[in-house]
Amino acid sequence: MRKVISLLALVFLLGACEPGNDSHYTFELMKIESVDLPTEFTLGQTYPITVHYKLPTSCHYFNQLYYEKDLNIRTIAVETAVEERSNCVNTPNDVGEYTFNFYVTSNGSYIFRFYQGKDENGVDTFLEYEVPVMNKK
(Lines give C-alpha, C1' and ligand atoms only; values in the text may rest on other atoms or scores of the structure.)
Protein backbone atom coordinates (compact mmCIF):
# COMPACT_ATOMS: atom_id res chain seq x y z
CA MET A 1 0.00 0.00 0.00
CA ARG A 2 2.82 2.35 0.88
CA LYS A 3 4.43 1.71 -2.53
CA VAL A 4 1.19 2.55 -4.33
CA ILE A 5 0.84 5.85 -2.46
CA SER A 6 4.49 6.72 -3.17
CA LEU A 7 4.05 5.88 -6.84
CA LEU A 8 0.89 7.99 -7.12
CA ALA A 9 2.60 10.90 -5.40
CA LEU A 10 5.55 10.64 -7.78
CA VAL A 11 3.27 10.57 -10.84
CA PHE A 12 1.38 13.61 -9.55
CA LEU A 13 4.56 15.57 -8.88
CA LEU A 14 6.07 14.77 -12.27
CA GLY A 15 2.84 15.65 -14.06
CA ALA A 16 2.53 18.94 -12.20
CA CYS A 17 6.07 19.96 -13.15
CA GLU A 18 5.67 19.36 -16.86
CA PRO A 19 6.99 22.33 -18.86
CA GLY A 20 4.52 24.18 -21.03
CA ASN A 21 1.33 23.02 -19.30
CA ASP A 22 -0.35 26.26 -20.39
CA SER A 23 1.11 26.16 -23.90
CA HIS A 24 -0.64 24.91 -26.99
CA TYR A 25 1.27 23.28 -29.83
CA THR A 26 0.68 22.33 -33.41
CA PHE A 27 2.96 20.07 -35.42
CA GLU A 28 4.58 20.91 -38.72
CA LEU A 29 6.89 19.12 -41.13
CA MET A 30 10.03 21.08 -42.01
CA LYS A 31 11.93 21.03 -45.27
CA ILE A 32 15.16 19.06 -45.04
CA GLU A 33 17.82 21.43 -46.35
CA SER A 34 20.61 18.89 -46.85
CA VAL A 35 21.66 15.36 -45.92
CA ASP A 36 24.93 13.67 -45.00
CA LEU A 37 24.51 10.23 -46.56
CA PRO A 38 27.05 7.61 -47.70
CA THR A 39 27.31 6.94 -51.44
CA GLU A 40 27.13 3.16 -50.83
CA PHE A 41 26.31 0.72 -48.06
CA THR A 42 27.70 -2.66 -47.06
CA LEU A 43 25.20 -5.33 -46.10
CA GLY A 44 25.05 -5.85 -42.32
CA GLN A 45 26.70 -2.52 -41.43
CA THR A 46 25.30 0.51 -39.59
CA TYR A 47 25.71 4.05 -40.93
CA PRO A 48 24.96 7.46 -39.41
CA ILE A 49 22.71 9.66 -41.56
CA THR A 50 22.40 13.35 -40.66
CA VAL A 51 19.61 15.63 -41.84
CA HIS A 52 19.91 19.42 -41.70
CA TYR A 53 16.84 21.64 -41.38
CA LYS A 54 15.90 25.22 -40.47
CA LEU A 55 13.69 26.32 -37.59
CA PRO A 56 11.88 29.40 -38.98
CA THR A 57 10.86 30.95 -35.65
CA SER A 58 11.73 30.86 -31.97
CA CYS A 59 8.45 28.97 -31.46
CA HIS A 60 9.58 25.95 -33.53
CA TYR A 61 11.18 23.03 -31.69
CA PHE A 62 12.44 19.70 -32.99
CA ASN A 63 9.87 17.06 -32.01
CA GLN A 64 10.82 13.88 -33.85
CA LEU A 65 12.02 12.40 -37.08
CA TYR A 66 9.18 11.11 -39.24
CA TYR A 67 10.41 7.81 -40.69
CA GLU A 68 8.39 5.52 -42.94
CA LYS A 69 9.63 2.38 -44.64
CA ASP A 70 8.14 0.52 -47.57
CA LEU A 71 10.35 -2.33 -48.81
CA ASN A 72 13.66 -0.58 -49.65
CA ILE A 73 12.16 2.92 -49.78
CA ARG A 74 12.62 5.23 -46.77
CA THR A 75 10.63 8.45 -46.47
CA ILE A 76 12.01 10.91 -43.94
CA ALA A 77 10.90 14.31 -42.61
CA VAL A 78 11.58 16.50 -39.60
CA GLU A 79 8.52 17.11 -37.44
CA THR A 80 8.55 20.24 -35.30
CA ALA A 81 6.31 21.31 -32.45
CA VAL A 82 5.17 24.90 -32.93
CA GLU A 83 4.27 26.72 -29.75
CA GLU A 84 1.25 28.97 -30.27
CA ARG A 85 2.25 32.31 -28.77
CA SER A 86 2.31 35.89 -30.01
CA ASN A 87 5.94 36.79 -29.37
CA CYS A 88 7.63 34.41 -31.83
CA VAL A 89 10.72 35.82 -33.51
CA ASN A 90 11.82 34.91 -37.05
CA THR A 91 15.05 32.88 -36.95
CA PRO A 92 15.99 32.30 -40.61
CA ASN A 93 19.54 31.23 -39.73
CA ASP A 94 18.62 28.78 -36.95
CA VAL A 95 19.82 25.49 -38.43
CA GLY A 96 19.27 22.19 -36.68
CA GLU A 97 20.52 18.74 -37.40
CA TYR A 98 19.49 15.26 -36.41
CA THR A 99 21.53 12.08 -36.82
CA PHE A 100 20.10 8.58 -36.83
CA ASN A 101 21.72 5.20 -37.37
CA PHE A 102 20.67 3.15 -40.37
CA TYR A 103 21.27 -0.61 -40.32
CA VAL A 104 21.51 -2.21 -43.77
CA THR A 105 19.42 -5.39 -43.87
CA SER A 106 18.83 -6.14 -47.54
CA ASN A 107 20.55 -6.28 -50.92
CA GLY A 108 19.91 -4.11 -53.91
CA SER A 109 19.58 -0.38 -53.37
CA TYR A 110 17.81 1.80 -50.83
CA ILE A 111 15.90 4.85 -51.98
CA PHE A 112 15.77 7.69 -49.48
CA ARG A 113 13.07 10.34 -49.90
CA PHE A 114 13.70 13.49 -47.83
CA TYR A 115 10.76 15.88 -47.41
CA GLN A 116 11.10 19.18 -49.28
CA GLY A 117 7.70 20.75 -48.66
CA LYS A 118 4.71 21.11 -50.94
CA ASP A 119 4.61 22.30 -54.53
CA GLU A 120 2.20 24.94 -55.89
CA ASN A 121 -0.53 22.26 -56.13
CA GLY A 122 -0.12 21.18 -52.51
CA VAL A 123 1.64 17.90 -53.42
CA ASP A 124 4.50 16.73 -51.21
CA THR A 125 7.93 16.93 -52.86
CA PHE A 126 11.08 15.01 -51.94
CA LEU A 127 14.81 15.06 -52.43
CA GLU A 128 15.64 11.50 -53.51
CA TYR A 129 18.85 9.51 -53.26
CA GLU A 130 19.51 5.94 -54.33
CA VAL A 131 22.24 4.19 -52.33
CA PRO A 132 23.50 0.82 -53.62
CA VAL A 133 24.24 -2.03 -51.20
CA MET A 134 27.48 -3.97 -51.57
CA ASN A 135 28.00 -7.46 -50.18
CA LYS A 136 30.40 -7.98 -47.29
CA LYS A 137 33.97 -8.54 -48.38
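This note goes through selected features of the structure above, point by point.

1. Basis of the note. The model is predicted, with local features requiring pLDDT of at least 70 and side-chain atom pairs counted only at pLDDT 80 or more, while totals for chains, interfaces and linings use all residues. Residues are numbered from 1 along each chain as its sequence is written, and side-chain values use heavy atoms, with hydrogens and water left out.

2. The disulfide. Taking a disulfide as a pair of cysteine sulfur atoms within 2.5 Å, the count comes to one. The bond joins C59 to C88, with an S to S distance of 1.8 Å, and the link is left-handed, with -100° about the S-S bond. The pair connects distant parts of the chain, 29 residues apart, since C59 lies in the loop between β4 (46–54) and β5 and C88 in the loop between β6 and β7 (95–103). Strands here are DSSP runs (E, at least two residues; helices would be H or I, at least four), numbered from the N terminus.

3. Accessibility of the two cysteines. Buried means under 20% relative accessible area, exposed over 50%, and partly exposed in between, with a 1.4 Å probe and protein chains only. On this scale C59 is buried because its relative accessible area is 0%, whereas C88 is partly exposed at 32%.

4. Salt bridges in general, and the pair R85 and E83. A salt bridge is a side-chain nitrogen of Lys or Arg within 4 Å of a carboxyl oxygen of Asp or Glu, and a search of the whole structure finds three of them. One of these is formed by R85 with E83, where the closest N and O atoms are 3.1 Å apart. R85 is partly exposed, at 31% relative accessibility, while E83 is buried, with a relative accessible area of 13%.

5. The pair R113 and E128. R113 forms a salt bridge with E128, with 3.3 Å between the closest N and O atoms. This pair links distant parts of the chain, as R113 belongs to strand β8 (residues 109–118) and E128 to strand β9 (residues 124–134), 15 residues apart. R113 is partly exposed at 23% relative accessible area, and E128 is also partly exposed, at 49%.

6. The pair K118 and D124. In the salt bridge that K118 forms with D124, the closest N and O atoms are 2.7 Å apart. K118 counts as exposed because its relative accessible area is 54%, whereas D124 is partly exposed, with a value of 36%.

7. T75 is placed in strand β6 and is buried, with a relative accessible area of 8%. Its side chain is joined to that of R113 by a polar contact of 3.3 Å; a polar contact is a pair of N or O atoms within 3.5 Å, where within protein one must be able to donate a hydrogen and the other to accept it, and residues adjacent in sequence count only if both atoms are side-chain atoms. Apart from neighbours within four places in sequence, T75 is in contact with Y66, Y67, E68, R113 and F126, contact meaning heavy atoms within 4.5 Å.

8. T50 and T99. T50 lies in strand β4 and is buried, its relative accessible area being 10%. A polar contact of 2.7 Å connects the side chains of T50 and T99. When neighbours within four places in sequence are set aside, the residues in contact with T50 are S34, V35, D36, E97, Y98 and T99.

9. L71 and D70. L71 is found in the loop between β5 (60–70) and β6 (73–83), and although L71 is not a glycine, its phi is positive, at about 55°. L71 counts as exposed, given its relative accessibility of 76%. D70, placed in strand β5, is partly exposed at 49%. D70 and I111 are 41 residues apart in sequence and 9.9 Å apart in space, C-alpha to C-alpha.

10. A nonpolar surface patch. Y25, F27 and Y61 form a nonpolar patch on the surface, with about 310 Å² of accessible area together. Patches are made of residues with over 30% relative accessible area and no salt bridge, with like charges joined within 9 Å and nonpolar side chains (Val, Leu, Ile, Met, Phe, Trp, Tyr) within 5 Å. Accessible areas come from the Shrake-Rupley method with a 1.4 Å probe, and for residues only the protein chains shown count as cover.
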